[in-house]
Amino acid sequence: MKKLRIGITGGIGSGKSKFCEVAKSLGYKVLLADEISKDILANDSDVKKEIIESFGASSFIDNAPNKKFLAEQVFSNPEQLLKINSILHPPTLSRINKLMDEYLKTDNLVFVESALIYEIEIEEMFDYVVLVTATDENKIKRVSERSGLSAEEIKKRIDNQLTDDEKKGWADFTLENNGTEQDFANKCGFIINLLKSL
């Protein structure tokens with residue numbers, strides 16, 4: 001049986017997390033790149049030092065990351081976004097690789113959710129990449145319902161990512177998420193079963 005590393009990607013609000021919930025409910029291990037990155041930002045002293053050197057003392061309050069300040073710094077400035085990513089990505093990717101190796105000792109499939117697989121060119125880490133897409137209108141609606149961000153702020157984040165059309169050219173599988181939740185969950189289950197059989 002082949003051991004497979006599967007990347008799950010898509011823009012903000014596309015439904016990547018929903019896919020991961022389905023994979024988890026079927027008993028598969030899922031790694032969330034964003035959560036791992038947040039953990040490293042909060043707890044890795046070398047990273048903390050570099051962030052403060054690059055973005056100033058306001059980056060942390062009471063030893064915890066000042067997320068609002070950091071988001072303001074990076075989401076409207078592509079150079080600053082590159083800067084923070086260059087600090088956070090190496091330790092994050094290293095931890096993801098270690099965990100994937102660990103999980104594949106006992107499992108045949110492991111999933112990694114990451115919004116930026118193509119932006120930071122890490123598709124080589126995976127055997128297959130599943131892209132989740134949705135209309136901008138649906139993405140904005142979903143994100144504003146869960147986050148309290150304005151449509152304008154969400155649009156800015158969408159514009160910071162590659163378009164779905166660009167990613168479709170590279171992804172191994174594309175899932176559209178513009179219908180009902182049940183409809184999308186069925187599609188996820190179908191793809192997961194397909195991957196299992198490869």
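A nonpolar core is a set of buried Ala, Val, Leu, Ile, Met, Phe, Trp, Tyr and Cys residues joined through side-chain atoms within 4.5 Å. Buried means under 20% relative accessible area, with a 1.4 Å probe and protein chains only.

This is a predicted model: local features need pLDDT of at least 70, side-chain atom pairs count only at pLDDT 80 or more, and totals for chains, interfaces and linings use all residues. Residues are numbered from 1 along each chain as its sequence is written, and side-chain values use heavy atoms, without hydrogens or water.

The largest nonpolar core has 30 residues. Ile51, Ile84, Ile96, Met100 and Phe126 have the most contacts inside it. Helix α5 gives the largest share of this core, 7 residues. Helices are DSSP runs of H or I, at least four residues, and strands are runs of E, at least two, numbered from the N terminus. The elements below each supply at least two residues of this core.

| Element | Residues |
|---|---|
| α4 | 67-75 |
| α5 | 78-103 |
| β5 | 109-113 |
| β6 | 128-133 |

Helices α2 and α3 also each supply at least two. A second, separate core of 20 residues includes Ile6, Ile8, Cys20 and Val130.

Now the helix pair. Ile40, Leu41, Ala42 and Asn43 in α2 meet Ser45, Val47, Lys48 and Ile51 in α3; contact means heavy atoms within 4.5 Å.

In α2, Ala33, Ile36, Ser37, Ile40 and Leu41 are buried. Seen down the axis of α2, these residues fall within an arc of 140°, so they line one face of the helix. The arc is that of the directions from the helix axis to the C-beta atoms.

Technical notes
Buried means under 20% relative accessible area, exposed over 50%, partly exposed in between (1.4 Å probe, protein chains only).
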